[in-house]
Structure formats: structure tokens, C-alpha cells
Amino acid sequence: MTDFRWEILSDTAGKRLDLFLHGHYPDWSRSRIQKLIREGQVLVNGQAVKTGEKLKAGDCVELTIPPAEPDRALPESIPLDIVYEDSELIVVNKPRGMVVHPAAGHNHGTLVNALLAHCHDLAGINNTLRPGIVHRLDKDTTGLLVAAKNERTMKYLTKQMKDRLIKRCYTLLVHGEIRENTGMIDAPVGRHLVQRKKMAVVENGRRAVTRFQVLKRYPKYTLVEAHLETGRTHQIRVHFSYIGYPVVGDPIYGRRKNPFNLDGQALHAGLLAFVHPVSHEEMVFRAPLPEDFQEVMDQLDGLSLSS
């Protein structure tokens, strides 16, 4: 059954078929569109054609969107700390040690595996039955993360992210005593020039901006609140290491000595805010520090009181 049909007008004549479809579906990748054409889901005058077919005035283009297929990731019954859920999206408080997406070396036990088992109302995103991860958290970063249940919500939230309208606030403990009460780190982040698995501040990296304010100072440590204006890989960890205040417990960008024996960095996404795609109300969510992070803070507060 044909889902969409267009008649080509003179002002569109001469345009490639794949570019014509991309104009109607700018959020679809070129590879997805070309795959649909190759599979015969796109017809011109009732005939399958090549992706580079030049359209002529009067041509009839028909598009059939195939039903969503199961994602390669398998559902796994993994407990989730669900902060909010409705038919459009789900907000979870991710624990330390959980990978967000299946990848090499992490095929199971991920947040996506858990969401596939929990969400029984997925409409499908990018032609697969999977939750739409709008933004990511590193494996050992804890806190709030939103996932979309359908393509409409995914597009809406992704645009908010692109327009910097989604508010993400992190609490972190760093080595050293930051003197400034507030600050901004504006330094480009890209692949490390030598250690390619790491990120770094590099001249040809993508612009990355982190604003921060000091919450509390301790001898040798500072508790900080950071706001992301951009979302580069490992951005907060790279930025604070770059200015000389690495995140406590960070095994990649931090110091070798881990004085509190944390199993990962003291970095928590404690606040998440965005506009709901249907109600258009501002949704604000907060999550307390995880137990191990809170224990570190209690220890530091105890030392401050006794000194």
C-alpha cells in the first residue's frame, strides 16, 4: 500500500530522486532514503528506479514506508529507575556502570536492552523497533536521560537539543580548589592526536562550551555544578581536566590516585529539563546523587566540620 504520492511539477524537474525525498524528510539520513529506493519502496511512474534518477515534470513518485523491524538489540529484563513515563517518552535515572547503547564489548546489559523489555508501546524509530536515545551518558556517569518512543518525539527532542533548549545540569567533584565562583570553558573537543580512544581539547575539534559555578570548596577538592551548552563526547571530563581540575575518580582523564575508591567518575546528571512534544509544557526532572557519590560528600563534610 502506497503511503505517499507526489506529482512532479516543473520547478522540481531535473532533481535527483533521493534529493527530492530528502527535501520532504530532512530528518531521514541519505542512506536510509537510498536503501528504500534500492528495495523498491519508492516507485516513479509505477517502476523501480535508481537512487540518482532525474525527475521529470509530470512524473508520479510513490513512497511506501515498510513496517518497523525489530532492532538487533534484544530485550533484557533489567531493573530501571524510571523517573517519568508516558506514551511519548521515558526519563530514567541511569546507574553507574550501565552502557547506554549496545556496542563492541557491550552487547548486553545496556540501557537500550532494558528499555526494549520495559517499553511495550514503541512505535519505531528510523524503521526499527527501538527507543530513541536523544542524548547519552558515559558508562560510569550517573543520572537523568530521556528516550523517545516514536519518531515524532525523537525529531522534536532532537531539534530541542540542536537548538540548545534542553537543559542539562551536572554535579561533579573535582581535584583542586577552583578560585572563581563561576566560569565558562570554551575549548574545542576532538579525538586525541595520539591516543585515539580518548578525547582532548584540540585545535581542529568541534566547539564545546561548558558553564559552571562552584557549589562548595573543600581542602583539595571543589564541588561544582556544570551546564552543557554543547554535547561533545566526554565534554565535562575533558574540559575540567584541561583547566587543571580533573573529575575525581575519572579513570581516563583524572589522576591515577583514587582517594575515595569510587568505581568511576564523580559526575552526576542531576537535572534535566525540556518541553514536552505533545503538551508543550516544560518538564523538569531532578535526581539525587547516587549513594557512593553521596558517601564521598558526607565524608568531606565530616572532615570539614572536624577541622
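Predicted model: local features only at pLDDT ≥ 70, side-chain atom pairs only at ≥ 80, totals over all residues.
Let's start with strand 12 (residues 182-186), which pairs with strand 15 (residues 209-218) in the antiparallel sense through 5 bridges.

Strands 15 and 16 form a hairpin with 2 residues between the strands, where Lys220 takes a positive phi near 80 degrees.

The two pairings sit side by side in this table:

| Strand pair | Sense | Bridges |
|---|---|---|
| Strand 12 and strand 15 | antiparallel | 5 bridges |

Now for a helix. Helix 1 (residues 17-24) has Leu17, Asp18, Phe20 and Leu21 as its buried residues. Because they cover an arc of only 160 degrees around the axis, they lie on the same side of helix 1. Their packing partners are strand 1 (4-7), helix 2 (30-38), strand 2 (42-44) and strand 4 (60-63).

Stepping back to the whole chain, the secondary structure comes to 6 helices and 18 strands. The C-alpha trace spans about 85 × 45 × 40 Å along its principal axes. Of the 307 residues, 46% count as buried. Among contacts with a separation of 6 or more, 64% involve residues 24 or more positions apart.

As for the surface, the chain exposes about 16400 Å², with carbon and sulfur atoms supplying 50% of it. The chain carries 41 positive and 36 negative side chains, and the centres of these two sets lie 7 Å apart.

Methods: Residues numbered from 1 in each chain as written. Heavy atoms only, no water. Pairing = 2+ DSSP bridges. Helix = DSSP H or I, 4+ residues; strand = E, 2+ residues; numbered from the N terminus. Buried < 20%, exposed > 50% of the residue type's maximum accessible area, 1.4 Å probe, protein only. Arc of directions from axis to C-beta. Contact = heavy atoms within 4.5 Å. Areas by Shrake-Rupley, 256 points an atom, 1.4 Å probe, with all protein chains shown as cover. Lys, Arg positive; Asp, Glu negative; His and termini not counted. Charge placed at Lys NZ, Arg CZ, Asp CG, Glu CD.
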